[in-house]
Amino acid sequence: MNQPLKAKLVAMLEVVYPQLDCDFLSEQLLNTMGLEPNQAPPPAHQNNWDESDVVLITYADTVRQDGEKPLVTLHRFLGDCLADSISSVHILPFFPYSSDDGFSVMDYLAVNESHGSWEDIERIARDYKLMADLVINHMSARSRWFENFRKRVEPGKDYFFEGNPRDDLSAVVRPRTSPLLNPVQTDDGERYVWCTFSEDQVDLNFANPEVLIEFAGIIRQYLERGIILFRLDAVAFLWKEPGTPCIHLQQTHELIKILRLLIEHHSPDAVVITETNVPNRENLTYFGNANEAHVIYNFSLPPLLINTLVTGDCKHLKTWLMSMPPAQLGTTYLNFIASHDGIGMRPTDGLLTDEEKQRLINTLDSFGGKVSYRRTADGRDQPYEINIALYDALQGTAESGTDHWQLQRFICAHTVMLALEGIPAFYIHSLLATGNDLERVEHTGRLRSINRSQWQLDDLEQTLADPLSHHSKAFHELKRLVAIRRKQPAFHPNATQFTLHLGLQLFGFWRQSMRRDQSIFCIHNISDDVQQVALSDINLIGTDHWQDLISGMKIDDLSGSITLKPYQSVWLSNRE
């Protein structure tokens, strides 16, 4: 028998706040969310997705038109060019901000006036499942809350985490090389605030339950504006205790459970997604027991897939795929190859050797990439991410450098992503095959700007209409593949997946629909040489009729073989 909502909430809160009256705190949270103490839970292990789900990731102002608010322009671009291809839109932080292209939020409850209004957000939410960032670990040093912290008044007086320079903080896991503690002058003297990411991004203090209550109110307002997908940004760092690594602490996991409990009781179709750019085993913990994140980012996929395609060797990608547990019903992976950030290197820990990592870095450096660093506990700087546009990351190989297979290699990468267990997500600049924006890096001084270009809508439409442009070729081929994918039950995010063993130049896996009436054998030539595939190696059922969904080729002789050109993929299905 299910426990009442309040009883579940109290039990979770007591783990985080054992010294507090958690019965009273639970009532505050329920009132803030507009929930009843005995409200029925949503169905257990419910999949709020299917094979038709495809996500687009974009900034509000990536596509611009003179004299028009970018959110209006974005909505029109989506309707004109992508309405038949995507189900969900992740609009990266669209709030007033002071730095980091939106991730230093000044006001969680306002839309950046230069982008548009809440009405513009709501219009998009009526046409697509809308994902927004809950930038929950930190807030801008120029926010009203932080100004109140300095003035020692509410709300904000105790909303930010303070540290002591005399504490032993050597075990703290850092994603940056900047100082962890920064001194600030307040009305009652100097205080040291904790800054995981930058001096302008001050970490919030969830040891103060008022901060949790504030975020419950923020979440409710997002839900009422039509947002149903919640990306918990940098959530792994949420709880701090000096003397520990201050990452993945038990309280952090419990707070995610609390947020999920509140969100899904308010809106059973809502989804919680954790953004944890960490080694693979650590990342998987955010599923909990199907009671934390509904969805986790598949952070190891981008570096491993790119490494596979530039080396022509799928050993590590195949080993990783074989080790990945199938997600329980009600949970799944978010598959992506590129994002607004760089290609994370921490998710390759334990998967690539130091020499292999360095070879990947050197290769992408030769293709125009840049490297960002983090500081380890022993004071060394280690590569944290490679900043590069995906299209340029795949312009050649580690052995031979730039070649003429760039577009084919780029399409192959996405064909792999589209077929894997999970929900596929396209960063807009990957869908458009945008290259490195070195001018923007020089202008902003930030390495991540290399993959954060902006398009004028007229220029973009003209480019996509030009059949000779690589942007047009990539865009229309990816849309074609998406249209195929969205019709296949075997590509349901929770459909069965098994890895095939076809050598090091052929990366393959088998998907089977949840009703077991469709099989798709997904085989990808990840090399720049022609490859032969013996059909006897992939066990096609003799009583079924097989064809390649991508090319339309029918398989008549199951004792024969098929030939794959460099970077060609096939999706062999027993159903049209």
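Tutor: A pocket here is an open set of points on a 1 Å grid over the protein atoms alone, where a 1.4 Å probe fits and protein lies on both sides within 12 Å along at least five of seven lines, and its lining residues have an atom within 4 Å of a point. This is a predicted model, in which totals for linings use all residues, whereas local features need pLDDT of at least 70 and side-chain atom pairs 80 or more. Residues are numbered from 1 along each chain, and side-chain values use heavy atoms, without hydrogens and water.

Student: What volume does the largest pocket have?

Tutor: The volume is the space filled by probe spheres set on the points, which are joined across faces, edges and corners. For the largest pocket this comes to about 510 Å³.

Student: Which element gives the largest share of its lining?

Tutor: The lining holds 25 residues, with Lys8, Arg260, Glu264, Ala290 and Asn291 nearest the centre. Helices H1 (5-16) and H7 (250-266) each supply at least two of the lining residues, and the largest share, five residues, comes from H7.

Student: How many charged residues line the second largest pocket?

Tutor: This pocket, of about 370 Å³, is lined by 19 residues, and those nearest its centre are Asp100, Arg176, Ser372, Arg446 and Arg448. Strands S14 (370-375) and S15 (381-387) each give two or more residues to this lining. By class, the lining has five nonpolar and eight polar residues, and the number of charged ones is six.

Student: Which strand supplies the largest share of that lining?

Tutor: The share in question is three residues. They come from strand S15.

Key. Helices (H or I, at least four residues) and strands (E, at least two) are DSSP runs, numbered from the N terminus. Ala, Val, Leu, Ile, Met, Phe, Trp, Tyr, Cys and Pro count as nonpolar, Asp, Glu, Lys and Arg as charged, and the others, Gly among them, as polar.
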